[in-house]
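Let's take a walk through this model together.

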Amino acid sequence: MPTPDNGKQILRTLPLWEGRRAENQRFEDRRGGVSGSNDDRLASSPPRRASSSALTASTLLQGEGTRTVEPGFGIYVHWPFCLAKCPYCDFNSHVRKGIDQSQWRNALCADLRNQAELLDERPTVDSVFFGGGTPSLMEGETVGAILGVIANEFALNPDVEITLEANPTSVDWARFQDYRSAGVNRLSLGMQALNDADLKRLGRWHSADEAVAALAKAQSIFDRVSLDLIYARPGQTSDDWRAELEKALSLGTEHLSLYQLTIEPDTPFKAQHDKGLLRLPDDDLAGELYAVTQELCEAAGRRAYEVSNHAKPGAESRHNLVYWRYGEYLGIGPGAHGRITHQKVKQATVAAKKPEDWLAQVLANGNGRSSQTPIDRDDQANEMLLMGLRLSEGIDAGRYARLCGKPINPATIEALVSQGLLIKADNRIIATQEGRLVLNSVIAELAQ
Ligand SMILES: C[S@@+](CC[C@H](N)C(=O)[O-])C[C@H]1O[C@@H](n2cnc3c(N)ncnc32)[C@H](O)[C@@H]1O
Ligand code: SF4
């Protein structure tokens, strides 16, 4: 994802099975090239296949085929507060007492109006995403007020997707009906694990039963529900994960975000990991867990449309697709990132990260922006490749050429196809599983 809240790791090589933060993951502030790399793997033996059900041209192209797909326009709203900080999480989330909802409501609405003014044109809104932090700590009135401003400032796609991320504690799910009444039509529930011992280890404040009850409640209120799980947890075997994922799939959500646990810098998990107190699955087991994920999700009709995101056909997160198809979006709230066209130039916006700084800035200036930077065409090319090659539909080479001012060199595409790293289908190019393992190298080649 989606944030655009911090997205700081987007420009590093992502292992095939990593790719968490779908909806909260944004472009890194630092642009101008692809960093961190498994480049050596490009020159050496082909990477290990993670799955026997490896994506093939036919499965990859199922759905979108070869037609040009419009990315759409989205609005991301970041709520930066949580009841407690989970020890693995480095999102822009903070624990604060006595949050003044009406002050935050007014500030988010002001930021939104101000940012809308920046746009050369007012596009039709295809998706709105309330991410966090824990947006299910927002009052229904706050969500409603923000959606009211969006409806005043923009035309809405009649089929607009409005998602809110929720934690499955009873405090949060008591508000689900208020969110529905405010206009939210899709709920994304952070279940994370379906056994109490692992939930405790993850520092979660809810039990597995509570998570299942919250999901049932969400399904009784919203037509569209997604769940998040974190796997590749310490001590998790492939059989454990198989049983847990089978249970998750039996709950019947149309969409699942399944992320392997990542050890992030400056988190309690990192400190434990460094001391040898937290052992993650090794690469072989991680590959096996990834393979189980693909196998069970495919069998249940929840195909991976992105590295870590699975959906019934047609139930993909439209908000995710705005990012991955390299569309434009506003980022509202602390730390939010945006991609907009201002004075005919594509620009990256970043908001002040710390909630108090952001709020003070909005109160003083009417907006929380800390920077607004034009993105040159080379950076646009890198960003588009990095996002698009995570998708099973790949990228549209014609759109790439129009946006980035140059076509991809056909000889480079052929070379990467012959190395088994890309698939070419009419005007689309798609990374194979092997290609995604060395994505930075593939992008560096293509962007030349
Ligand atoms: C920032 S959280 C927001 C959702 C909500 N606050 C929650 O915790 O359920 C978005 C998602 O990121 C994923 N996530 C956060 N930190 C992670 C980590 N270190 N490794 C893997 N996934 C992570 C979790 O699956 C989580 O649902
Ligand atoms: S509740 Fe979600 S956003 Fe908050 S700390 Fe935990 S994982 Fe991070």
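What follows is a short tour, from a ligand to a few helices and loops.

First, some housekeeping: this is a predicted model, where local features need pLDDT of at least 70, side-chain atom pairs count only at pLDDT 80 or more, and totals for chains, interfaces and linings use all residues. Residues are numbered from 1 along each chain as its sequence is written, while chains are lettered from A and ligands numbered from 1 in the order in which they are written.

Let's begin at ligand 2. Its surroundings include Cys82, Cys86, Cys89, Gly132 and Gly133 (a residue is near if its C-beta atom, placed from the backbone, lies within 6 Å). Sorted by class, that shell has four nonpolar, six polar and one charged residues; here Ala, Val, Leu, Ile, Met, Phe, Trp, Tyr, Cys and Pro count as nonpolar, Asp, Glu, Lys and Arg as charged, and the others, Gly among them, as polar. The peptide bond from Gly132 to Gly133 is cis, with omega near 15°. Gly133 sits in the loop between strand 2 (125-132) and helix 4 (140-153); helices (H or I, at least four residues) and strands (E, at least two) are DSSP runs, numbered from the N terminus.

Now on to helix 3, residues 101-118, where you'll find Ala116. Ala116 and Glu153 are 37 residues apart in sequence, yet 7.2 Å apart in space, C-alpha to C-alpha.

Helix 3 also meets helix 13: Ala107, Ala110 and Asp111 touch Leu359, Val362 and Leu363. The residues of this contact divide into five nonpolar, no polar and one charged.

Are they buried or exposed? Asp266 is exposed, with 7 other C-beta atoms within 10 Å, whereas Tyr326 is buried, with 24 C-beta neighbours inside 10 Å.

Terms used: Contact = placed C-beta atoms within 7 Å. Buried ≥ 20, exposed ≤ 12 C-beta atoms within 10 Å, placed from the backbone.
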